[in-house]
Amino acid sequence: MGAQWKAKHKDLAANIKGRVFGKLAKEIMIAARNGADPAANARLRLVVEQARKASMPKDTLERAIKKGAGLTGEAVHFDHVIYEGFAPHRVPVMVECLTDNVNRTASEMRVLFRKGQQGTSGSVSWDFDHVGMIEAEATTAGADPEMAAIEAGAQDLEVGEEGVTLFWTDPTDLDAVSRALPAQGFTVLSAKLGYKPKNPVDPASLSAEALEEVETFLAAMDANDDVQNVFAGLAG
């Protein structure tokens, strides 16, 4: 689970594909404010690459870029808001939102946090590091994640399931490391800024029932339309 909580079940993932596209479209629109050309806009390039990996339809992708860049005449405004608190059983969470109505989102967050505990600004963030997060898979036989991390300039790595490695970077190095990894035999699946827990809770310390309560809480958070990412302080 690590820094970013994700739905584990593939059938659930399939059901939320439309919501994933919606979240990616928001990211694209915000990134496109600084230019509609991915070649000249590092942030846009990373999100566009992520959208393509997620099989976002080409017309949806292009429409989001044009809308964000102001080429359609439509006004686009999203506020970036972070909510902090705890899931059940004192598991720390950082919830990243992009919203066109801050009051609505704040109200919905209060309801969702009733199953845990909502905190004030800074109450949980001190226990997370702000980092770059790159998911990549080896595409060259014998590609070494540790060597790739050193050569590309990543700070740390975590080898996950199905051959996917999570590379951690300094926030300012996200684009540079993403560009360097292909030369080390890795294809970048996603690249974004996020939050890495400093003292993650070991899932083994929770009962099966308690862990299910945490998972249910995180799933409800992730299902909210204004929520872009949920970062949970769970190890493994």
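This is a predicted model: local features need pLDDT of at least 70, side-chain atom pairs count only at pLDDT 80 or more; totals for chains, interfaces and linings use all residues.
Biologist: What makes β4 and β6 paired strands?
Modeller: Two strands pair if there are at least two bridges between them. Six bridges join β4, residues 128-138, to β6, residues 164-169, so the two count as paired. They run antiparallel, and Glu-137 stands opposite Val-164 in β6.

Biologist: In what order do the strands of the open sheet lie?
Modeller: The order is β5-β6-β4-β7, four strands with antiparallel pairing.

Biologist: Why are β5 and β7 called edge strands?
Modeller: β5 (156-159) and β7 (186-197) each have a single partner strand, so one side of each has no neighbour in the sheet. From one strand to the next, the twist averages 25°.

Biologist: How do you know what span to expect for helix α8?
Modeller: The expected span is 1.5 Å times one less than the number of residues. Helix α8, residues 208-223, has 16 residues, for which 22 Å is expected. From its first C-alpha to its last, α8 reaches 22 Å, close to that value.

Biologist: Which residues of α8 are called buried?
Modeller: Buried means under 20% relative accessible area. In α8 this applies to Ala-210, Val-214, Glu-215, Phe-217, Leu-218, Met-221 and Asp-222.

Biologist: Why do you say that the buried residues line one face of α8?
Modeller: Seen down the helix axis, they fall within an arc of 160°, so they line one face. On the other side, Ala-208, Glu-209, Glu-212 and Thr-216 are exposed.

Biologist: What do the buried residues of α8 pack against?
Modeller: Their partners are α2 (17-31), β1 (79-87), β2 (91-99), α5 (102-112) and β8 (227-232).

Notes: Residues are numbered from 1 along each chain as its sequence is written. Side-chain values use heavy atoms; hydrogens and water are left out. Axes are lines fitted to C-alpha atoms, for helices over the stretch in contact, and angles run from 0 to 180 degrees between N-to-C directions. Buried means under 20% relative accessible area, exposed over 50%, partly exposed in between (1.4 Å probe, protein chains only). The arc is that of the directions from the helix axis to the C-beta atoms. Contact means heavy atoms within 4.5 Å.
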